[in-house]
Amino acid sequence: MSAERPSLPPVRLHTEAELARDALAAPLLARAVRLARWAGPTTRVGAGGELVEAQLPDAARHLGLGDDEDGAAYASEAWRLAVDTGLVDFEDPQDADGTGEGDGEGTVTVGENLALLTSGSPQDVLAIWLDGLEAVHADATAPAFDDFADLIGEDGSVDFDALDWDPEEEADFLDGVLGNLYLLTLSEAGPADGPVPLPALAASVVVPDDMGEPTDDVLEQVSEAMMRLDDQFRVLEPIGIVEYRPVDETLLTEEGEEATPPADDEDVTRYGMVKLTPLGLYGIRERMLEAGVDAPAVGDLADKGADALLDGIAYYPEEAARTEVGLWLGRRGAEGAEAAAVELLDAARGADRRAPLRRLHCQQALALVGPEAEPAVRAVLGDPELGGLARVWLAERGAADVPAPPESMIFWLAVDTIAAQLDADGDLDELQELVEGLSGQHSGFFDEAWRVEHPATAEVLEAMGRLHSDRGAAKAARKAAYKARSRHQS
């Protein structure tokens with residue numbers, strides 16, 4: 001019964017104002033802003049806009065960092081981000097004097113984006129931060145240049161092939177890991193608000209889904225992936241997308257030796273723990289959307305029509321669906337409640353495969369409308385597709401003068417309800433209970449159900465035959481399914 005589903009569950013994002021504050025507080029962007037404000041006419045840069053080496057100690061001191069190599073490295077990293085995000089602009093050293101024969105040092109000016117961080121909108125801030133995330137992502141997937149001198153040929157060219165580095169492969173690996181972390185964060189079976197162990201995350205992109213006990217070769221690949229990710233998450237953390245506890249260096253007995261995935265009885269936190277921040281959820285989702293991935297967010301449907309709402313929440317988890325409907329109704333206000341109910345009911349009609357699930361979500365949405373929906377609900381009591389739904393809604397609210405449904409409507413509603421639950425792929429025990437409950441309410445249910453004029457009748461009866469615990473009833477359901485199919489084929 002299932003129609004195409006989104007590949008990811010919906011994410012509940014913080015507001016843009018909250019995310020913008022988080023972005024400004026990200027350590028790397030905060031340092032970049034401080035250096036952009038520190039820069040002046042005497043600040044000198046190289047051909048790529050990098051601070052010349054002589055400027056790094058002053059930059060590090062301005063950031064409150066030490067005079068050692070680490071302080072200079074942090075200052076250089078922050079300056080590169082300031083350049084990459086347009087907080088500062090630089091003039092090419094060769095053109096600094098207008099002759100094309102510069103002295104190898106250029107000058108900098110304030111970039112337009114620096115003012116936007118204080119006077120712009122939250123969207124402006126987030127756009128700048130996303131540029132920063134793109135730059136940091138590129139840094140995280142860049143090769144190590146420990147032996148860079150060995151890669152330079154006699155003509156000065158760099159032999160990148162000798163690095164054994166495929167930039168596209170590296171980026172895909174990291175994006176795959178971040179995508180899995182995003183999914184784990186949103187999954188009902190995930191860690192909730194807790195961090196994910198690095199070995200588990202590495203295994204998620206290395207170990208085949210159908211593999212039972214990992215082989216020694218696969219475990220070695222997991223170990224290599226862990227160390228690769230350890231380096232990458234250390235680079236990503238300062239931009240604010242993750243909270244990261246690195247691999248305990250005491251586990252690495254020799255320099256460059258890889259960590260071994262922990263045994264069950266070891267403290268897994270020593271092997272690295274990572275958690276996406278609210279800003280990280282936003283940033284990774286934006287990257288996925290740009291790549292064409294279907295990554296819904298709660299609130300996306302609030303300004304859409306009821307048809308888009310009911311289709312959109314078809315496979316949302318219950319809480320997310322309820323929140324989305326609440327936001328949709330909130331846009332219409334109390335004065336628009338009845339009109340909203342009319343729109344929901346109109347959208348619930350149909351004989352397509354997703355219609356039963358739309359009707360189920362329509363009924364749940366109407367429960368949030370309140371008593372204002374009653375006139376709209378009563379208006380569809382005679383509708384063959386909506387009349388059963390309307391009676392259930394009115395009965396649940398204790399309404400008076402609800403007409404008894406004709407028997408044909410009772411059977412139609414039973415088929416429609418089971419069709420919706422089959423499409424939703426709900427809990428198997430609950431589905432079995434529903435099947436047995438509905439068929440048990442009416443003696444001779446299967447003698448009549450095959451006659452129901454519903455597109456899913458045969459499919460529902462076949463499912464009832466599989467699910468019903470009573471062998472006699474299961475056989476009757478399968479027989480009824482055969483009759484339903486034969487009826488429509490004749």
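Is R451 buried, partly exposed or exposed? At 45% relative accessibility, R451 is partly exposed. Buried here means under 20% relative accessible area, exposed means over 50%, and partly exposed lies in between (1.4 Å probe, protein chains only).

This is a predicted model, in which local features need pLDDT of at least 70 and side-chain atom pairs count only at pLDDT 80 or more, while totals for chains, interfaces and linings use all residues. Residues are numbered from 1 along each chain as its sequence is written, and side-chain values use heavy atoms, with hydrogens and water left out.

## Salt bridges

R451 has a partner. Its side chain meets that of E448 in a salt bridge, 3.7 Å from N to O. A salt bridge is a side-chain nitrogen of Lys or Arg within 4 Å of a carboxyl oxygen of Asp or Glu. By this rule there are 21 salt bridges. E448 is partly exposed, at 35% relative accessibility.

| Pair | Closest N and O atoms | Relative accessibility |
|---|---|---|
| R359 and E385 | 3.8 Å | R359 3%, E385 21% |
| R487 and E453 | 2.8 Å | R487 32%, E453 53% |

Take R359 and E385. The salt bridge between R359 and E385 has its closest N and O atoms 3.8 Å apart. The pair links distant parts of the chain, 26 residues apart. R359 sits in helix 14 (residues 355–369), and E385 sits in the loop between helix 15 (374–378) and helix 16 (387–396). Helices are DSSP runs of H or I with at least four residues, strands are runs of E with at least two, and both are numbered from the N terminus. R359 is buried because its relative accessible area is 3%. E385 is partly exposed, at 21%.

Next come R487 and E453. The closest N and O atoms of R487 and E453 are 2.8 Å apart. This pair also links distant parts of the chain: R487 belongs to helix 21, while E453 is in the loop between helix 19 (445–449) and helix 20 (457–467), 34 residues away. R487 is partly exposed, with a relative accessible area of 32%. E453 counts as exposed, at 53%.

Salt bridges also form a network. D311, D352, R354 and R358 are its linked residues.

## Charged surface patches

Which residues form the positive surface patch? They are R471, K475, R478, K479 and K483. Patch residues have over 30% relative accessible area and no salt bridge; like charges are joined within 9 Å, and nonpolar side chains (Val, Leu, Ile, Met, Phe, Trp, Tyr) within 5 Å. Lys and Arg count as positive and Asp and Glu as negative, with His and the chain ends not counted. R471 is in helix 21 (residues 471–489). It is exposed, at 76% relative accessibility.

There is a negative patch too. D166, E168, E169 and D172 form it. E169 is found in helix 7 (residues 167–186).

## Aromatic pairs

The model has five aromatic pairs by the ring rule. Rings of Phe, Tyr and Trp (its six-membered ring) pair if their centres lie within 6.5 Å; planes under 30 degrees apart are stacked, over 60 edge-to-face and the rest tilted.

W129 and Y282 have ring centres 6.4 Å apart and planes at 40°, so the pair is tilted. W129 lies in helix 6 (residues 122–140) and Y282 in helix 10 (residues 278–290), so the pair ties together parts 153 residues apart in sequence. Both W129 and Y282 are buried.

F233 and Y244 form another tilted pair, at 5.4 Å centre to centre and 40° between the planes. F233 is in helix 9 (residues 216–236) and Y244 in strand 5 (residues 242–245), 11 residues apart. Both F233 and Y244 are buried.

F411, F445 and F446 make up one aromatic cluster.

## Two loop aspartates

D67 is in the loop between helix 3 (56–62) and helix 4 (69–84). D67 is exposed, at 60% relative accessibility.

D401 is found in the loop between helix 16 and helix 17 (407–424). Phi of D401 is near 60°, a positive value in a residue other than glycine. D401 is exposed, with a relative accessible area of 70%.

Technical notes. Accessible areas come from the Shrake-Rupley method with a 1.4 Å probe; for residues, only the protein chains shown count as cover. The place of a charge is taken as NZ of Lys, CZ of Arg, CG of Asp or CD of Glu.
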